[in-house]
Amino acid sequence: MQIETSENRQPEDQKRTRAIIIANPTAGSYERNRLQIQETVSFLNEHGWDAELKLTTGPGDGGKLTQEAVEQKYDAVIAVGGDGTINEVIQKLAGSETALG
């Protein structure tokens, strides 16, 4: 149980940072880091973010999910995966106001 303090409490009138974590479950690092990725989502949500994890299911999914995040005005996209996933994400973020994490 976490005790709410002024350090981890979000002011009600402050906008929550919206982020999507896009992960490739077939990337070699995903299975080794699955628990840490889930803990990161929980940590961000507990500290004033609105974060969610989306898993890719095949080629092009990273780009599609990123494009949706850009269109929905997410603040950040965090890429977790290999070179292919990261490349798909950065290509769709180019020129947008959504940050890469």
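Author: Residues are numbered from 1 along each chain as its sequence is written, and side-chain values use heavy atoms, with hydrogens and water left out. Since the model is predicted, local features need pLDDT of at least 70 and side-chain atom pairs count only at pLDDT 80 or more, while totals for chains, interfaces and linings use all residues.

Reader: What makes K15 and D75 a link between distant parts of the chain?

Author: K15 belongs to the segment before β1 (17-23), whereas D75 belongs to the loop between α2 and β3 (76-80), and 60 residues separate them.

Reader: Is K15 called buried or exposed, and why?

Author: Buried means under 20% relative accessible area, exposed means over 50%, and partly exposed lies in between (1.4 Å probe, protein chains only). K15 has 58%, and therefore counts as exposed. D75, at 25%, is therefore partly exposed.

Reader: What makes K54 and E52 a salt bridge?

Author: Their closest N and O atoms are 3.7 Å apart; this value lies within 4 Å, so the term applies. K54 has 33% relative accessibility and E52 has 28%, so each counts as partly exposed.

Reader: How do you know that K64 and D61 are separated by about one helical turn?

Author: They stand three residues apart in helix α2, which means about one helical turn between them. An α-helix has 3.6 residues a turn, so residues three or four places apart point the same way. K64 and D61 also form a salt bridge, their closest N and O atoms being 3.9 Å apart. D61 has 13% relative accessibility, so it counts as buried.

Reader: Which elements cover the buried residues of α2?

Author: The cover includes β1, β2, β3 and α3. D61, G62, G63, L65, T66, A69 and V70 are the buried residues of α2.

Reader: Why are α2 and α3 called roughly parallel?

Author: Helix α2 (residues 61-71) and helix α3 (residues 83-93) pack at about 30°, with their axes 8 Å apart. Angles under 35 degrees count as roughly parallel, over 145 as roughly antiparallel, 65 to 115 as roughly perpendicular and the rest as oblique. The angle therefore makes α2 roughly parallel to α3.

Reader: Which residues of α2 and α3 meet?

Author: From α2, D61, G62, G63, T66, Q67 and V70 meet E88, V89, K92 and L93 of α3, where contact means heavy atoms within 4.5 Å. The residues of this contact divide into three nonpolar, four polar and three charged.

Notes. Axes fitted to C-alpha atoms, helices over the stretch in contact; angles between N-to-C directions. Helix = DSSP H or I, 4+ residues; strand = E, 2+ residues; numbered from the N terminus. Nonpolar A, V, L, I, M, F, W, Y, C, P; charged D, E, K, R; others polar. Salt bridge = Lys/Arg side-chain N within 4 Å of Asp/Glu carboxyl O.
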